[in-house]
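Here's a quick briefing to read alongside the model. Have the sequence and the 3D view open as you go.

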Amino acid sequence: MTSGPPRFEGDDAGTPHDAWLRSAALRDAPTLERSPSALLVVAAHPDDEVLGAFGSMHAAARRGLPVTVVVATDGEGSHPGSPTLEPAALAERRRAEQEEALAGVGARLIRLGLPDGAVHAHRRELVAAVASIVAALPDDALVLAPWSRDGHPDHEAVGDAVAAVAREAGRACAWSPIWAWLWGEPELFDGMPVRRVPLDVDARDAKVRAIAAHRSQVAPLSSHPADRVVLTSAMLERFAGDEWLVLAPAAERTAFDERYASEGDPWSTRSSWYERRKRSLVLASLPDERYRLAVEVGCGTATLTAELAARCDGALGVDASVPALAEARRTLADAPNAWVEHRTAADGLPAADVDLVVLSELGSYIADADLLHVVEQARDRGAHLVLCHWRGESDDMRRSAEEVHALAAGIRGLRRVVEHRDDAFLLDVLVPE
């Protein structure tokens with residue numbers, strides 16, 4: 001689903017804890033200075049919030065602030081092949097352990113019940129649930145989630161989706177590294193906005209008790225190899241002291257915000273013949289009859305996203321402009337399998353089962369590195385890539401349609417299966433070799 005760091009199990013040795021303690025990025029990290037009036041922690045599995053964000057929850061509880069914990073899965077996949085507990089029984093046990101672990105912080109607990117190990121295939125449900133909760137938070141609330149580059153697919157899916165929701169809503173968001181402490185090296189966080197969350201003796205003792213409540217994870221279920229310890233003593237050593245968070249980027253204003261806010265559909269995407277003809281040709285050029293998930297990068301009003309939804313199990317429109325997303329939601333109001341999220345081209349593709357990527361006009365406006373990143377990610381995901389760009393000129397364009405398509409065609413590992421050229425626009429469909 002995603003490329004990136006290797007996947008680690010809890011019994012892998014990984015980077016020694018004392019090596020992390022010598023990390024300049026951690027040693028020099030400033031203390032997190034936010035004093036939110038509410039805290040939302042979104043976990044992929046029961047225990048993620050205790051491992052990565054207990055210090056923040058404990059501090060909020062001591063101040064009498066509301067703490068909400070959303071857990072995406074019930075953790076039923078932690079012991080595949082266990083002869084002791086079937087997945088349903090393991091899920092029940094893990095739910096009980098989490099309730100015991102969180103009793104001391106008085107958190108409101110919300111369970112989404114998504115399948116453990118497959119959160120990336122349920123991104124729309126995750127986004128819808130988290131968005132409604134984030135919308136009800138005060139403006140100065142803090143949202144925490146696993147790191148979007150943590151090396152575990154569920155953690156990455158949750159961290160990526162939650163950051164997108166928080167960005168659009170204007171809420172501060174930070175990520176908690178968890179498995180990254182195993183696969184990563186001390187230089188991993190160099191140059192990143194890392195913040196320290198100090199834990200005093202009381203908080204550390206409370207965290208030890210909270211972790212110990214997750215008995216199914218810190219002790220073997222039986223002597224059978226499939227019932228092994230998940231959180232080994234070596235793994236837990238990394239969570240014994242202060243906590244570190246990586247600040248997620250906030251949304252920035254774009255050059256198109258004012259036009260979307262004042263005009264709604266600045267380029268008449270719903271009505272102009274150019275746009276209608278272009279969409280028809282894009283849809284006719286798709287090599288497959290149906291796709292799992294299409295992502296339109298730079299969706300604008302999401303008029304094309306809506307039409308893609310008829311050919312896909314799901315269609316996601318992403319855009320860096322918050323006013324554009326408001327307009328896009330109106331477009332998709334009657335499309336039950338389509339939705340939008342805040343995302344820049346620099347953020348790359350979402351952590352999801354993407355098998356179709358569409359860039360319509362966007363390549364003329366974004367940096368070379370961002371365009372190449374999206375194209376390479378589409379290739380690495382095994383996705384079909386559609387490029388469609390206007391052949392005209394404008395002062396705000398970085399490059400022409402010909403330059404966009406030539407840049408993408410230069411990426412190794414892709415071949416062109418559809419090529420359309422006319423006076424109005426260029427259309428290419430590239431697929432992995």
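This is a predicted model: local features need pLDDT of at least 70, side-chain atom pairs count only at pLDDT 80 or more; totals for chains, interfaces and linings use all residues.

Residues are numbered from 1 along each chain as its sequence is written, and side-chain values use heavy atoms, with hydrogens and water left out.

**The largest pocket**

- A pocket here is an open set of points on a 1 Å grid over the protein atoms alone, with protein on both sides within 12 Å along at least five of seven lines, where a 1.4 Å probe fits; lining residues have an atom within 4 Å of a point.
- The largest pocket comes out at about 1,200 Å³, a volume being the space filled by probe spheres set on grid points that are joined across faces, edges and corners.
- Its lining takes in 49 residues, with Phe256, Gly298, Glu361, Leu362 and Tyr365 lying nearest the centre.
- Elements giving two or more residues to that lining are helices H11 (257-263), H12 (273-285) and H13 (303-308), plus strands E8 (291-297) and E9 (312-319); helices (H or I, at least four residues) and strands (E, at least two) are DSSP runs, numbered from the N terminus.

- Seven strands make an open sheet with mixed pairing, in the order E10-E9-E8-E11-E12-E14-E13; two strands pair if DSSP finds at least two bridges between them.
- Strands E10 (338-342) and E13 (414-421) sit at the edges with a single partner strand each, so one side of each has no neighbour in the sheet.
- E8 and E9 run parallel, joined by 6 bridges, and Tyr291 stands opposite Cys312 in E9.
- E9 and E10 also run parallel, with 5 bridges between them, and Leu316 has Trp339 in E10 as its bridge partner.

**Ser321**

- Ser321 sits in the loop between E9 and H14.
- At 1% relative accessibility, Ser321 counts as buried.
- Leaving out residues up to four places away in sequence, Ser321 touches Thr254, Phe256, Asp257 and Tyr260, where contact means heavy atoms within 4.5 Å.

Definitions and conventions. Buried means under 20% relative accessible area, exposed over 50%, partly exposed in between (1.4 Å probe, protein chains only).
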